[in-house]
Amino acid sequence: MKHLKAIIASIALFAMFAGTSLQAKVEIQWWHAFGGRLGELLDEQVNKFNASQNKYTVVHTRKGNYSETLNAGIAAFRAGQHPNILMVFEVGTASLMAAKGAYVPMYQLMKDAGQKFNPNGFVSAVSGYYTTTDGKMLSMPYNSSTPVLWVNKDLMKKAGLDPEMDLSTWKRVGNALDAAKAKGIDMPFCTCWHSWVHLENFSAYHNIPFATKANGFAGLDTELAFNSPVHIKHIQTLGKWAQEGKFKYMGRRNEAGKNFRAGECMLMTESSAGYAGIKKEAKFEFGIRHLPYYGATEAPQNTIIGGSSLWALSGKSKEENKATAAFLAFLSRTDIQAKWHQDTGYLGVTTAAAKKTKSSGFYKANPGTDLAGIQMMRNKVTQNSKGLRLGSFDQIRGIIDEEMEGVYSGKKTAQVALDSAVKRGNVLLRRFERANK
Amino acid sequence: MEKRVFFKGWWLPALLVAPQLLISFVFFFYPSGQAIWNSLFLPDPFGLKTEFVGLDNFRFLLSDPYYLASFKTTVIFSTAVSVSSMALGLYLAALADRLIKGAGVYQTLLIWPYAIAPAIAGVLWLFMFNGNIGLASYYLKALGYEWNHTLKGDQAMFLVILASSWGRISYNFLFFLAGLQAIPKSIIEAAAIDGASFWKRFGTIVIPLLSPITFFLLVVNIVYAFFDTFGVIHTITSGGPEQSTTILVYKVFSDGFVSQDLGSSAAQSVILLVLVGILTVIQFKYIERKVHY
């Protein structure tokens, strides 16, 4: 009996060692924010990578929404328990960039690992967001989208409108909403991501500054500037629509998407990446249009991106960094990018992926899916339309959301709300500047 | 007569209080000390560098109108939660106390909501009042009342108070019921024989005799409303709209863990610490005097 135990123990011991030698694969962690359909597609990418080679294993974990993922990553970093790869949404970019020493810059990571990597293969409107002013790419663009106007064609018909009518300006949109309200449509207009669509993209699209110092690209001493007359006019219009029952506020993030997919909302401004969910759930005919603008100003500039990039956090072994580099290079492969673009509605972030999608006839078969790309790249980028690089921006967005809620509920005028948001936001920018000197 | 026990020597008493001291140190003195220390610094989120700023974090806070507004929000919220849940708890306990048949069943059912964690309670109420799929909001709409707590501050406040009080009613019910059952029947019967009405008996006998329990519940409920309602607020409103449901504790969380401003968050914790200290002193010094044990 004693012998038997010893034998079992030695077998177990042997198996453990054998296990480790078989498991010589390097394992790396990736924290992200994708659930639902996007989560499935992300899981597919990881499985494909793990099956494609036998040196590395990527383990992915969902950490909640974008903000929660960023915060989990930061808290873990402080505790020394951070993952190799962290998904950071565009709003957190400035915070990461300022935290020198918390990450391994992308160009460095790829160079150290001897990985072939071409930063020029990325669409510049996207990669510019994650690249320093002297042209060094710090993080790897993963999912990028831009806001568009989604149309429920069935409700348009019900409202007695031509579903193909011109909706290129906010004035025309306003007329359509009047008609819809008159016909008893309960929710003529709704929107997701208020600050991102109606202030950040609005500024770029109308070629006016959202903040000074080239929206923060040119220095930490930037100040918010989204209380110009054009901004005020737009937010006041939204407030008026809300008071008249033409625009229903559903929440700060993408809550309104549910109402659109359920066929309740006629027109919605939301990310082009709403595509995956709308295509899957909508039981009505839908259309995609460019984001509307104000006709009185010059023709629209270009919109900017939202979405995330992947940061390689520092403090990891050389072997693990090699694995990270290999995985990120895999993600930027043309076939992976093209599939991601077509499945999700996110932009093709490499030029090759966009070309491949075009030549495959995808845009013809799915009209409107190319609009986001066109809208982003329609003009030469100006310093107002390159993007935003503002510290504590997640918090500033929270302030903007709060103030806009005041406008929608009729408690404040757009002037008062935006002035207050600028003032409160500037306080945070100064605090960020001070903490990151 | 007070009983006093004296120990010879010091090592036995020291040993006996050591576990308590250790726990107080690990879970109270050490973190409080850390909070006070951190409130004097302005660190970057990743903890890579930090700067000593003296009392600047406090100056920054006290000049923020939203921080000052959150004091008012906290007072409204905790008063509403404590009063409504205690009043309803007492009412239900008075009813259950008079039950003759099936008392056990009623009592069990009434205690049930207490078993539900605040975050889950929050999600339940959120589902009922959700603008898209909520039953309550659907019926309110049918009655012609527009429910949208994502936009209307007073509705949001009402909802978090409702969700926070709900589970608390059970807790208060339990204590009030025990208190009511501890009141000797003979006193009440004697008063009844003397011709005192139900309300007279309730007002002059029951309430004073319940005062120790009421006082205990008041303290516990205020502490609950101050600190434990975090889960409810986080799941239902995340402090919005326009910070109308951001109570002090929620602000500590949202500034510290959402906005990564750990200096300001630590300063808020210190202010909260002082505040709760003052509150406790007031409660025990002034209110307790009026309580009959």
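View 1. Strand E3 (residues 85–89) of chain A pairs with E10(A) in the antiparallel sense over 5 bridges, pairing being assigned if DSSP finds at least two bridges between two strands, and A:Val88 stands opposite A:Ser309 in E10(A). Strand E4 (residues 103–104) of chain A is also antiparallel to E10(A), over 2 bridges, and A:Tyr103 has A:Leu313 as its bridge partner in E10(A). E5(A) pairs with E10(A) in the antiparallel sense over 5 bridges, with A:Leu310 in E10(A) as the bridge partner of A:Met140.

This is a predicted model, in which local features need pLDDT of at least 70 and side-chain atom pairs count only at pLDDT 80 or more, while totals for chains, interfaces and linings use all residues. Residues are numbered from 1 along each chain as its sequence is written, and chains are lettered from A and ligands numbered from 1 in the order in which they are written.

**View 2. Strand E6 of chain A between its partners.** Strand E6 (residues 147–152) of chain A is mostly covered, as 6 of its 6 residues are buried. On one side lie A:Pro147, A:Leu149 and A:Val151 and on the other A:Val148, A:Trp150 and A:Asn152, all of them buried. E6(A) pairs in the antiparallel sense with strand E8 (residues 265–271) of chain A over 5 bridges, and with strand E9 (residues 286–289) of chain A, again antiparallel, over 4 bridges. A:Leu149 stands opposite A:Thr269 in E8(A) and opposite A:Arg289 in E9(A).

**View 3. Helix H8 of chain A and its buried face.** Helix H8 (residues 170–182) of chain A has 13 residues and reaches 18 Å from its first C-alpha to its last, close to the 18 Å expected at 1.5 Å a residue, the expected span being 1.5 Å times one less than the number of residues. Its buried residues are A:Val173, A:Ala176, A:Leu177, A:Ala180 and A:Lys181. Seen down the axis of H8(A), these buried residues fall within an arc of 135°, so they line one face of the helix; the arc is that of the directions from the helix axis to the C-beta atoms. Strand E7 (187–191), helix H11 (229–243) and E8 of chain A are among the elements that cover them. Just after H8(A), A:Gly184 takes a positive phi of about 80°.

**View 4. The contact between chain A and chain B.** The contact takes 25 residues from chain A and 22 residues from chain B, two residues being in contact if their C-beta atoms, placed from the backbone, lie within 7 Å. On the chain A side, helix H3 (66–78), helix H12 (256–261), helix H19 (393–408) and helix H20 (414–435) give two or more residues each, and H19(A) supplies the largest share, 6 residues.

Definitions and conventions: A residue is buried if 20 or more other C-beta atoms lie within 10 Å of its own, exposed if 12 or fewer, and partly exposed in between; C-beta atoms are placed from the backbone.
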